[in-house]
Amino acid sequence: MSARNLARTLFRSVAPRVAASVSRPLFASVASRVAPASSSVFVQTRGIKTMDFGGTKETVYERSDMPKEKLIEYFKNDTMAVLGYGPQGRGQSLNMRDNGLNVIIGVRKDGRSWKQAVSEGWVPGKNLFSIEEAAEKGTYLMNLLSDAAQRDLWKIVKPYVTPGKTLYFSHGFAITYNDQTGVVPPKDVDVILCAPKGSGYTLRTLFQEGKGLNSSIAVFQDVTGKAKEKSVAVGIAIGSGYLYETTFQKEVYSDLYGERGILMGAIYGLFRAQYDVLRANGHSPSEAFNETVEEATQSLYPLIGEKGMDWMYSNCSVTAQRGALDWHQKFYDAASPLFKALYKSVVDGTEVKRALDKNSQPDYRESLEVELKEIDDSELWRAGKTVRSLRPENSK
């Protein structure tokens, strides 16, 4: 699809970008800002916003609802024990540390994650411990181990989930599929969730840039009457920009479905199919990659994210508009049966069983490296490396 004029439109556009929202609340705040007569400092009261999402009203919470000083006060008597230092464990713990909270890490001693944590400033015996030690010391037990590890290590973690503590997840997986994971929390603790809608790497990067990834929050068990309040506070502490409400079950259903679908699995399948057809018809690797991946990720998709699909369509050539509008229904009709089958597979637990079985194999990391190397070595992504090197920002 040709969209060359879209780039020219972008450079001519004087409309503010979404990124400009860093200097103001993500949404128009209904919280009052009242200046006391004796002070010129603005004071913001806590605001809950009801927003209209395409005709459906939902409650959202913003980072501005709980600034850093309020976070520190809220968690002043707490120890945030992050169990696991994978993508989410790393990103969330570093952001909480930067927000001034008392954070400790629990991982297998001298393992790969332990060594990475040490390299990033965590000190053994001070804020870096074994999983058991961290779980014992923490008031918030932030279970950010991999899904398979949460199943395998629950027997180790469970004895430390005692009254007065809060059990936290970033995925509804272990709780929703407890028939396969065995993760059943005691009835006398709050159980909450905050699930960033992106990788831990993205969560960390956006936080460092003064931006924020959106996250979903949920309550599975509310013993204290403050579980939702806790989920909001932790969600902001880990670096979220804004939060919306869901349930443990809906979070994991949408997450597993989305990852296997348009976010990762489906999009890669479509990239491969389009690239292969172009190559089979005599197009060069550079042309095939540019028309399949580069134009999508560097020009069109960012603009869809910024202003919407209709705006992107309206700023393409009329030939591109017509072709996209005529063909999108054909792709919808072809893909819908696959997406329906995928969602059913998520709900009935088939995807969970496959993931747990595969991820629990002792040689999983080695086999994963083989699979990823096959992708990296394919012509599609070798061509991509060369194309990316030609971007002006990579010319150095």
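Visitor: Which side chain makes a polar contact with the side chain of glutamate 251?

Guide: The side chain of histidine 171 does, at 3.1 Å. A polar contact is a pair of N or O atoms within 3.5 Å; within protein, one must be able to donate a hydrogen and the other to accept it, and residues adjacent in sequence count only if both atoms are side-chain atoms. The model is predicted: local features need pLDDT of at least 70, side-chain atom pairs count only at pLDDT 80 or more, and totals for chains, interfaces and linings use all residues. Residues are numbered from 1 along each chain as its sequence is written, and side-chain values use heavy atoms, leaving out hydrogens and water.

Visitor: Where is glutamate 251 found, and is it buried or exposed?

Guide: Glutamate 251 is found in helix H11 (residues 248-260). Helices (H or I, at least four residues) and strands (E, at least two) are DSSP runs, numbered from the N terminus. Because its relative accessibility is 2%, glutamate 251 counts as buried (under 20% relative accessible area; exposed is over 50%, partly exposed in between, with a 1.4 Å probe and protein chains only).

Visitor: What else is glutamate 251 in contact with?

Guide: Leaving aside neighbours within four places in sequence, glutamate 251 is in contact (heavy atoms within 4.5 Å) with Ser170, His171, Gly172, Leu193, Ala195, Lys197, Ser216 and Thr246.

Visitor: Turning to the whole chain, how many helices and strands does it have?

Guide: The protein chain has 18 helices and 12 strands. Buried residues make up 40% of its 396 residues. Of the contacts with a separation of 6 or more, 68% join residues 24 or more positions apart.

Visitor: What does glycine 200 touch?

Guide: Not counting residues up to four places away in sequence, glycine 200 touches Pro87, Gln88 and Gly91. Glycine 200 and glutamine 88 are 112 residues apart in sequence, yet 4.2 Å apart in space, C-alpha to C-alpha. Glycine 200 lies in helix H9 (residues 200-208) and is buried, with a relative accessible area of 1%.

Visitor: And helix H3, what span does it reach?

Guide: Helix H3 (residues 87-98) has 12 residues and reaches 17 Å from its first C-alpha to its last, close to the 16 Å expected at 1.5 Å a residue; the expected span is 1.5 Å times one less than the number of residues. The buried residues of H3 are Gln88, Gly89, Gly91, Gln92, Ser93, Leu94, Asn95 and Met96. Just after H3, glycine 100 takes a positive phi of about 85°.

Visitor: Which residue has a positive phi although it is not a glycine?

Guide: Aspartate 110 does, at about 70°. Aspartate 110 is in the loop between strand S6 (103-106) and helix H4 (112-119).

Visitor: At what angle do H13 and H18 pack?

Guide: Helix H13 (residues 285-307) and helix H18 (residues 379-389) pack at about 85°, with their axes 9 Å apart. Axes are lines fitted to C-alpha atoms, for helices over the stretch in contact, and angles run from 0 to 180 degrees between N-to-C directions. H13 and H18 are therefore roughly perpendicular (65 to 115 degrees; under 35 is roughly parallel, over 145 roughly antiparallel, the rest oblique).

Visitor: Which residues of H12 meet H18?

Guide: Tyr268, Phe271, Arg272, Tyr275 and Arg279 in H12 meet Glu379, Leu380, Trp381 and Ala383 in H18.
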